Amino acid sequence: HTTGRPAKIDYGFIEDCERVDTGYPDVAQPALIVHGTADDVVPIARSRDFAKRRPGVQLVEVADGHELTASIPTILAESDRFLARWL
């Protein structure tokens, strides 16, 4: 963040967080997750597990990587659809 350039963070960071964390946050409000199936940073299994345990969480899987740059139109459409249900 301070360099103004993208930087890779090793997945070991997530593993370290898991060792000190008590688990997923308790999400009571509706939530939309858009996750790329080719994400090389965060395994999609994490989002699948999170979403299946929470009835108000909708997971949309897209054929994209971590940055989701190829999925912006899908993200916009899914966000509109999701918000229309709750507004």
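Reader: Let's start with Asp 49: is it buried or exposed?
Author: This is a predicted model, and in it Asp 49 counts as buried, because its relative accessibility of 18% falls under the 20% cut-off.

Reader: Which side chain does Asp 49 meet in a salt bridge with an N to O distance of 2.8 Å?
Author: That partner is Arg 53. Arg 53 counts as exposed, at 55% relative accessibility.

Reader: Nice. Which residues are linked with them in a network?
Author: Lys 52 joins in: Asp 49, Lys 52 and Arg 53 are linked by a network of salt bridges.

Reader: Switching topic, what does Arg 48 pair with?
Author: Arg 48 forms a salt bridge with Glu 61, at 2.8 Å from N to O. Arg 48 sits in helix H2 (residues 44-52) and Glu 61 in strand S2 (residues 57-62), so the pair ties together parts 13 residues apart in sequence.

Reader: And how accessible is Arg 48?
Author: Arg 48 is partly exposed, at 39%. Glu 61 is partly exposed too, with a relative accessible area of 38%.

Reader: What about Glu 78, which side chain does it meet?
Author: Glu 78 meets Arg 81 in a salt bridge of 3.1 Å, N to O. Both lie in helix H3 (residues 72-86), 3 residues apart, which is about one turn of the helix. Glu 78 counts as buried, with 15% relative accessibility.

Reader: Last one: how many salt bridges does the count come to?
Author: The count comes to 5 salt bridges.

Conventions: Residues are numbered from 1 along each chain as its sequence is written. This is a predicted model: local features need pLDDT of at least 70, side-chain atom pairs count only at pLDDT 80 or more; totals for chains, interfaces and linings use all residues. Side-chain values use heavy atoms; hydrogens and water are left out. A salt bridge is a side-chain nitrogen of Lys or Arg within 4 Å of a carboxyl oxygen of Asp or Glu. Helices (H or I, at least four residues) and strands (E, at least two) are DSSP runs, numbered from the N terminus. Buried means under 20% relative accessible area, exposed over 50%, partly exposed in between (1.4 Å probe, protein chains only).
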